[in-house]
Amino acid sequence: MSGHAARTAAADVVCLGESMVTFLPSQPGRLADVPAFGRGIGGAESNVACALAASGHRAKWVGRVGADGFGDHLVEAIAAYGVDTSAVRRDPDRPTGIYFRTATDRATDTHEVAYYRAGSAASAMSPHNVPYEDLLSGRVLHLSGVTAALSADCLDLLTDLTAPRDGRPLVSFDVNHRPGLWRGRQAGPQVLLGIARRCDLVFVGEDEAEEAWGVSGAEAIRAALPEPEVLVVKRSADGVTVFSRTDGGPEGSTPAGDTVTVVPSLRVDVVAAVGAGDAFAAGFLSATLRGLPVRERARHGHLMAAAVLTVPGDLTGPPARAHADRLAALDDDAWGTLRLGPGWTAAEGANEEVRVT
């Protein structure tokens with residue numbers, strides 16, 4: 001974590017962003033045809049906080065919810081994972097955001113999401129009404145592009161938090177480009193690129209970088225984002241490519257001084273393709289906090305993502321740390337033949353759901 005690691009903090013990671021109550025379908029089908037929904041929670045940054053807290057880290061979520069029942073539910077549900085919610089603010093005039101989604105993979109044409117977040121309590125976050133003493137108190141501050149898209153005030157907040165300042169924690173940023181949230185406002189892609197270039201650790205999908213910035217391939221994405229100390233390019237089923245100036249060495253270095261680490265994805269028996277990006281970020285951050293090498297950081301990201309992919313919802317209990325460490329330490333051949341299925345996180349060793357084939 002470079003010079004940031006020596007920072008003394010009340011929290012390991014502070015996550016800022018909107019969390020919403022999500023309504024999950026009782027069966028597959030169009031929203032128009034689903035007869036009933038179960039209640040859950042959703043939000044990129046709170047998902048990361050919950051996964052980190054469940055992994056044994058001190059995680060704090062900073063957000064804004066309505067003074068309503070849905071706000072009560074969010075705060076209580078996130079706190080139940082062990083997350084510190086003491087810095088969450090309640091808005092007496094604006095509601096907590098909610099959304100409904102179908103059961104299908106969000107990458108398919110049949111996936112539907114209906115958001116009811118316009119004018120939400122979280123959209124009113126600004127540099128003037130969030131607790132900076134909490135936001136800057138951790139070793140890591142984790143942000144995402146979703147917050148920047150919520151309102152002009154939220155964009156001002158992210159711009160300010162990513163500005164250089166004395167004692168700034170390591171700033172982690174998941175680009176999370178959501179074109180629908182930017183409709184009718186200034187060009188989201190360039191806004192997100194500007195924010196990302198001010199951060200220390202950036203997560204971005206290869207597909208979203210091509211959609212947002214018109215750049216294709218990990219090397220081109222690094223050329224567009226030369227400033228972050230660590231850039232994680234997520235390449236879907238092909239794994240991740242990590243450009244790092246903090247885990248250096250001459251072997252594998254680029255002319256710019258990066259070490260390039262390519263870590264293949266795992267083979268996973270997917271139950272629901274939701275929440276994997278947030279889980280990957282949590283696993284990578286967890287290993288970063290522990291000072292593990294870049295390869296192990298990426299492998300822990302893959303393992304955390306596999307935990308979520310093998311359950312129906314966006315959140316689940318992570319594997320025990322010792323179990324994840326054993327898997328992350330496998331040699332390349334064993335890692336390449338590992339296959340994970342439902343129930344694998346409960347395993348302490350190889351069983352039918354954690355197998356090398």
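A search of the whole structure finds 20 salt bridges, a salt bridge being a side-chain nitrogen of Lys or Arg within 4 Å of a carboxyl oxygen of Asp or Glu. The structure is a predicted model, in which local features need pLDDT of at least 70, side-chain atom pairs count only at pLDDT 80 or more, and totals for chains, interfaces and linings use all residues. Residues are numbered from 1 along each chain as its sequence is written, and side-chain values use heavy atoms, with hydrogens and water left out.

**Exercise 1.** Determine which parts of the chain the salt bridge between Arg 139 and Asp 12 ties together.

Solution.
- Step 1: the side chains of Arg 139 and Asp 12 meet at 3.7 Å, N to O.
- Step 2: Arg 139 belongs to strand E9 and Asp 12 to strand E1 (residues 11-16), so the pair ties together parts that are 127 residues apart in sequence. Helices (H or I, at least four residues) and strands (E, at least two) are DSSP runs, numbered from the N terminus.
- Step 3: Arg 139 and Asp 12 are both buried, where buried means under 20% relative accessible area, exposed over 50%, and partly exposed in between (1.4 Å probe, protein chains only).

**Exercise 2.** Describe the contacts of Asp 134 with Lys 60 and with Ser 137.

Solution.
- Step 1: in the salt bridge of Asp 134 with Lys 60, the closest N and O atoms are 2.8 Å apart.
- Step 2: this pair links distant parts of the chain, with Asp 134 in helix H3 and Lys 60 in strand E4 (residues 59-62), 74 residues apart.
- Step 3: Asp 134 has a relative accessible area of 14%, so Asp 134 is buried. Lys 60, at 8%, is buried.
- Step 4: the backbone oxygen of Asp 134 is reached by the side chain of Ser 137 at 2.7 Å.
- Step 5: Ser 137 sits in the loop between helix H3 (132-135) and strand E9 (138-144). Its relative accessible area is 17%, so Ser 137 is buried.

**Exercise 3.** Classify Asp 269 and Arg 339 as buried, partly exposed or exposed, and locate their salt bridge.

Solution.
- Step 1: Asp 269 and Arg 339 form a salt bridge whose closest N and O atoms are 2.7 Å apart.
- Step 2: Asp 269 is in the loop between strand E15 (267-268) and helix H9 (276-289), and Arg 339 is in strand E16 (residues 338-340), so the pair ties together parts that are 70 residues apart in sequence.
- Step 3: Asp 269 has a relative accessible area of 22% and is therefore partly exposed. Arg 339, at 31%, is also partly exposed.

Definitions and conventions
A polar contact is a pair of N or O atoms within 3.5 Å; within protein, one must be able to donate a hydrogen and the other to accept it, and residues adjacent in sequence count only if both atoms are side-chain atoms.
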